[in-house]
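This briefing is meant to be read beside the sequence and the coordinates. Please keep both in view while going through the points.

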Amino acid sequence: MNFFFSFLFGAGIVSVASMAVSSAESRIPEVPSAPALRPVSGRIKAGYSTNYEFRGLIPAGCNPTAPLRLDWRSDLNDRYSLILALKEEIFLGHPAVDIENETMVDLGLQRKFGKATYAALSFRANDGGLAGFASERLFGNGGTTYEAALIMRHDVGFLPGFYAQGSAAYSFYGITGWWFDMCTGSDFRMTENLYMGFKFGAVLSSSYWPSSSNGWQSLYFRVTANYRLFGNVFIEPFVGLHWLGKGSHGVNRVYGRTLGKGNSWGTGVSVVYAF
């Protein structure tokens, strides 16, 4: 990890004391927060996954991973919130594809429009993982990438917990290009202690990969359960299906071997503490 990234990661840790993030990996909350302002909220998650996943893609030959994540959020007023996410994806064993552990820092600002629409603008630094591997092996750069992202979400009122969401991320260092993720899904409460969620989405890229490797990257479907064990401690199993797109097949041809697996599924479980 280079010096600048180490400095950025350290600064992100220090800023935890005064900032907060949404509880969703997409940087927009899976369930909108209560009307009351919350100076500090978030969650800490540690788990196990059968596959490492990068934007709907599952690299071939990757071992199971142990993901660790901190999400922190601070409501500034009834419209604006600061969001921060720190993540470490630890590979259990040495992957067949030489991908290093992934470290990510994500810092942004979220705004609420009306009662059901949210937008977030964030800056992300990423070291290792599939992005770092591609930066090194396909473009001859270092293993750290930087990007800016805009995420929009609208909660649809006619179905419980139903939403539509889209994001555009521009990578400007290490790899230069665009990622687009469009998804829809629902997060709802089944019983006093059990919450369920599902999400279906499509991922596309533009000028991110080498020539003929962009366009449709993947389709994905994910089902997540969230069960309260006691207090603010939850267990969160999930299962996901992934379908490889035309662009991802192009990446495999450019690389000369299978970098992204074809149609596949993954599962895992996490222990979550919410605060």
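What follows covers the overall build of the chain, its salt bridges and a nonpolar patch on its surface.

The model is predicted, and the chain contains three helices and 12 strands. Of its 275 residues, 48% are buried, and the salt bridges in the model come to 10.

**Overall build**

- Among the contacts in the chain with a separation of 6 or more, 60% are between residues 24 or more positions apart.
- The chain has an accessible surface of about 12700 Å², and carbon and sulfur atoms account for 65% of that surface.

**The salt bridges of K87**

- K87 forms a salt bridge with E102, with an N to O distance of 3.0 Å; because K87 lies in strand β3 (residues 80-91) and E102 in strand β4 (residues 102-113), the pair ties together parts that are 15 residues apart in sequence.
- The side chain of K87 also meets that of E89 in a salt bridge, here with an N to O distance of 3.6 Å.

**A salt-bridge network**

- Salt bridges that share partners join R43, K45 and E236 into one network, which brings the E236 and K45 pair described above together with R43.

**A nonpolar surface patch**

- Y48, L92, Y227, L229, F230, I235 and V269 make up a nonpolar surface patch of about 620 Å².
- Strand β10 (residues 215-230) gives the most to the nonpolar patch, contributing three residues.
- L92, one of the patch residues, is found in the loop between β3 and β4.
- With a relative accessibility of 39%, L92 counts as partly exposed, because that class covers values between the 20% limit for buried residues and the 50% limit for exposed ones.

Notes
Residues are numbered from 1 along each chain as its sequence is written. This is a predicted model: local features need pLDDT of at least 70, side-chain atom pairs count only at pLDDT 80 or more; totals for chains, interfaces and linings use all residues. Side-chain values use heavy atoms; hydrogens and water are left out. A salt bridge is a side-chain nitrogen of Lys or Arg within 4 Å of a carboxyl oxygen of Asp or Glu. Helices (H or I, at least four residues) and strands (E, at least two) are DSSP runs, numbered from the N terminus. Buried means under 20% relative accessible area, exposed over 50%, partly exposed in between (1.4 Å probe, protein chains only). Contact means heavy atoms within 4.5 Å. Accessible areas come from the Shrake-Rupley method with a 1.4 Å probe; for residues, only the protein chains shown count as cover. Patches are made of residues with over 30% relative accessible area and no salt bridge: like charges are joined within 9 Å, nonpolar side chains (Val, Leu, Ile, Met, Phe, Trp, Tyr) within 5 Å.
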